[in-house]
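Please keep the model open while reading.

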Amino acid sequence: MPNSPDRSRDDASRLLRRCSLFAALDDAALRLVAGHAHRRRFDAGEVIFRIGSPGQSMMAVLAGTVRITAASVDGKEIVLADLGGGEVFGEMALLDGRERSADATALTNCDLLVLERRDMLSVLERHPAVAIKLLEVLCERLRRTDQQIGEIAFLGLPMRLAKALLRIAAGTPQAKLALSQRELGTMIGGTRESVNRCLREWQRRGILQLDEGWIIIRNADALEEIGRGNVKET
Ligand code: CMP
């Protein structure tokens, strides 16, 4: 039996409830927002939108991971954020009416809820708590990016790599990471070759193990010391 409009609106508002952005809305307001939203699915690897394209909507991640990247003119790519369930993106073009500021790609299969500009702007006007929450999201991203710029500009590659590995490992059981060396390079602003050199040296010293595409951290304390700059690396 096909879903009735009421049923899909209930589903959408239940899913929106999981987004901290909409936590302040009561059920009636949430149903109103959900009534205007539509779901879209993307397969792993699919482009959601490209930098420079016009943006008339923002998206909430219901399931999966969306990768936000920026590219330099010479084709190098840097990861700005990986966003999971409950997080939103596309809010910048929605707010300022300009083009998309970065690429968004489905890192895994993704289920998104798309919210159109005119509906979101009216929610923000009528519900200041949602507007304030969105400002918090923007502040958090700016802080993260400030930190990333600081690391790239002022820290050597080993320190950046150690910090990135520890950050990723914090959300991973058994400190076993499925990351390619190229991918790590795009996260820390380095080349695959320099990442490879560093990882091999750390493997030689027993700090981690490289095993069929996995990076397994064996000595997190040593990585922390490198991340703090307490160990001289070449
Ligand atoms: P928008 O500019 O509409 O499209 C690209 C999106 O990527 C942007 O909205 C934000 O949601 C997200 N984004 C852009 N820059 C960053 C960043 N530095 N950190 C996290 N997310 C970002």
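Two salt bridges are counted between domain 1 and domain 2 in this predicted model. E151 takes part in a salt bridge with R167, where the closest N and O atoms are 3.6 Å apart.

**Side of domain 1 that touches domain 2**

- Two elements, β5 (77–83) and α5 (128–154), each give two or more residues to the side of domain 1 that touches domain 2.
- Helix α5 supplies the largest share of that side, with five residues.
- Sorted by class, the side of domain 1 facing this contact has five charged, four nonpolar and two polar residues.

- The domain assignment places residues 5–152 of the protein chain in domain 1 and residues 156–227 in domain 2.
- In the contact, domain 1 is represented by 11 residues and domain 2 by nine residues.
- The C-alpha centres of the two domains are separated by 29 Å.
- Between them, domain 1 and domain 2 bury about 810 Å², and carbon and sulfur atoms account for 45% of this area.

**Helix α7**

- Helix α7 spans residues 181–188 and includes Q181.
- Most of α7 is covered, as seven of its eight residues are buried.
- The buried residues of α7 are Q181, E183, L184, G185, T186, M187 and I188.
- After α7 comes G189, which has a positive phi, near 70°.

**Surroundings of Q181**

- Is Q181 buried or exposed? Q181 has a relative accessible area of 17%, and because the cut-off for buried is under 20%, this residue counts as buried.
- Which residues does Q181 contact, leaving aside its neighbours within four places in sequence? The contacts of Q181 beyond those neighbours are R192, V195, N196, L199 and L210.
- With N196, the side chain of Q181 also makes a polar contact, at 2.6 Å.

Conventions. Residues are numbered from 1 along each chain as its sequence is written. This is a predicted model: local features need pLDDT of at least 70, side-chain atom pairs count only at pLDDT 80 or more; totals for chains, interfaces and linings use all residues. Side-chain values use heavy atoms; hydrogens and water are left out. Domain bounds come from an automatic or database domain assignment. Contact means heavy atoms within 4.5 Å. Buried area is the accessible area (1.4 Å probe) that two parts lose on being put together, summed over both. A salt bridge is a side-chain nitrogen of Lys or Arg within 4 Å of a carboxyl oxygen of Asp or Glu. Helices (H or I, at least four residues) and strands (E, at least two) are DSSP runs, numbered from the N terminus. Ala, Val, Leu, Ile, Met, Phe, Trp, Tyr, Cys and Pro count as nonpolar, Asp, Glu, Lys and Arg as charged, and the others, Gly among them, as polar. Buried means under 20% relative accessible area, exposed over 50%, partly exposed in between (1.4 Å probe, protein chains only). A polar contact is a pair of N or O atoms within 3.5 Å; within protein, one must be able to donate a hydrogen and the other to accept it, and residues adjacent in sequence count only if both atoms are side-chain atoms.
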